[in-house]
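Visitor: I'd like a quick walk through this one, a few questions at a time. Could you show it to me before we start?

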Amino acid sequence: MYQVVMQDEPVAAAAVDETPLAGAGGRDAAFGRVVSDTVDLSHGVALYVEDVMVSFDGFRALNRLSLTIGRDELRCVIGPNGAGKTTMMDVITGKTRPDEGRVFFGQSHDLLRMSEPRIADLGIGRKFQKPTVFEAMSVFDNIELALKAEKSARASVRWRLGHAQRERIEEVLAQVRLAGHAATIAGTLSHGQKQWLEIGMLLAQDPVLLLLDEPVAGMTDEETMRTAELLLELEGKHAIVVVEHDMEFIAQIARTVTVLHEGSVLAEGRLDDVRADDRVIEVYLGR
Ligand SMILES: Nc1ncnc2c1ncn2[C@@H]1O[C@H](COP(=O)(O)OP(=O)(O)OP(=O)(O)O)[C@@H](O)[C@H]1O
Ligand SMILES: [Mg+2]
């Protein structure tokens, strides 16, 4: 696992730095990587987006978009179709480059200067709407693959094989409500279970920031409710940004809600307040 500097653990990165290197250049390089991968959350901010502009052939998909996500936050983002919600995630993950603006991960990582894989490697996990699990593999193997991906990507010095790895996989499976399905072939899971498995694959990589784009679309009411419970359990362990249209689901998990409209923040605050906002009713909820 990579180092995350928090106010109460100021020595974490330094401790890695001072570890005597066993004379191996490869390990030296690995240690260097762990240190440089530190995400500085000491000011309580996981993500900082400022005045981001994205145009597609003259059409403004994002128009001076600014928002800040706290390191322990569970943030809901709502807004009409075409408001720019997915485009915002594309910018954060490096898929789309904005024309202007600033995007920082923690205090020091300028995401606009980084590649997509590098951003993922730093600890930003993204779930797209359509589940993308390895259908022919078991649930357990899917999570194991995600764990291995993390290991090679971050060249972790703390990685332990065997028992600890198995325990971690089982922990993740329990978290995402799939403890009884370790041996199940992923392709035979329900749509909702596949969504959970994909969330599990992201959790296996222990992201600092988790981006979920319409995670409950196509889920049954029961699955939706259990997903809300899951996200509430994850609150505080990762910074989480959830985009959804399902307002019942949003109501179950809402803390601060951001309403996007035409590429900008139209309103932000408690759900009750944004729901009562005339502009929000007009462009979104009142439809
Ligand atoms: N690659 C692209 N090329 C051209 N236009 C794009 C591209 N990606 C997004 N857009 C446009 O940008 C606007 C914002 O799209 P975006 O997908 O971010 O909206 P959204 O808020 O996620 O909507 P929805 O709720 O329907 O998912 C839309 O008008 C969309 O058509
Ligand atoms: Mg979208």
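**Around the ligand and through the strands**

Visitor: Which residues are around ligand 1?
Guide: Bear in mind that this is a predicted model. A residue makes the list if its C-beta atom, placed from the backbone, lies within 6 Å of the ligand. Those around ligand 1 are Phe56, Ala61, Gly79, Asn81, Gly82, Ala83, Gly84, Lys85, Thr86 and Thr87.

Visitor: Which helix gives the most to that shell around ligand 1?
Guide: By class, the shell has 3 nonpolar, 6 polar and 1 charged residues. The top contribution is 3 residues, and the helix behind it spans residues 85–92: α3.

Visitor: What is the phi of aspartate 57, in the turn between β3 and β4?
Guide: Strands β3 (residues 45–56) and β4 (residues 59–70) run antiparallel and are joined by 8 bridges, with leucine 47 partnered by isoleucine 69 in β4. The two strands form a hairpin with 2 residues between them. In that turn, the phi of aspartate 57 is positive, about 50°.

Visitor: And which residue in β6 is the bridge partner of glutamate 50?
Guide: β3 also pairs with strand β6 (residues 100–105), in the antiparallel sense and over 5 bridges. The partner of glutamate 50 there is arginine 102.

Visitor: How far apart are the end C-alpha atoms of helix α7?
Guide: α7 covers residues 191–204, so at 1.5 Å a residue its 14 residues should span 20 Å. The model agrees with that expectation, and the end C-alpha atoms are apart by 20 Å.

Visitor: How many of α7's residues are buried?
Guide: Buried here takes 20 or more other C-beta atoms within 10 Å of a residue's own. By that count α7 is mostly covered, and of its 14 residues the buried ones number 13.

Visitor: What is the handedness of the crossover from β9 to β10?
Guide: On one side, β9 pairs in the parallel sense with β8 (residues 124–127) over 4 bridges, and lysine 127 stands opposite leucine 212. β9 also pairs in the parallel sense with β10 (residues 239–243), over 5 bridges, where leucine 210 has isoleucine 240 as its bridge partner. The chain gets from β9 to β10 through helix α8 (residues 221–234), and this β-α-β crossover is right-handed.

Terms used: Residues are numbered from 1 along each chain as its sequence is written. Chains are lettered from A and ligands numbered from 1 in the order in which they are written. This is a predicted model: local features need pLDDT of at least 70, side-chain atom pairs count only at pLDDT 80 or more; totals for chains, interfaces and linings use all residues. Ala, Val, Leu, Ile, Met, Phe, Trp, Tyr, Cys and Pro count as nonpolar, Asp, Glu, Lys and Arg as charged, and the others, Gly among them, as polar. Two strands pair if DSSP finds at least two bridges between them. The expected span of a helix is 1.5 Å times one less than its number of residues. A residue is buried if 20 or more other C-beta atoms lie within 10 Å of its own, exposed if 12 or fewer, and partly exposed in between; C-beta atoms are placed from the backbone. A crossover is right-handed if, with the strands pointing away from the viewer, the path from the first strand over the helix to the second runs clockwise.
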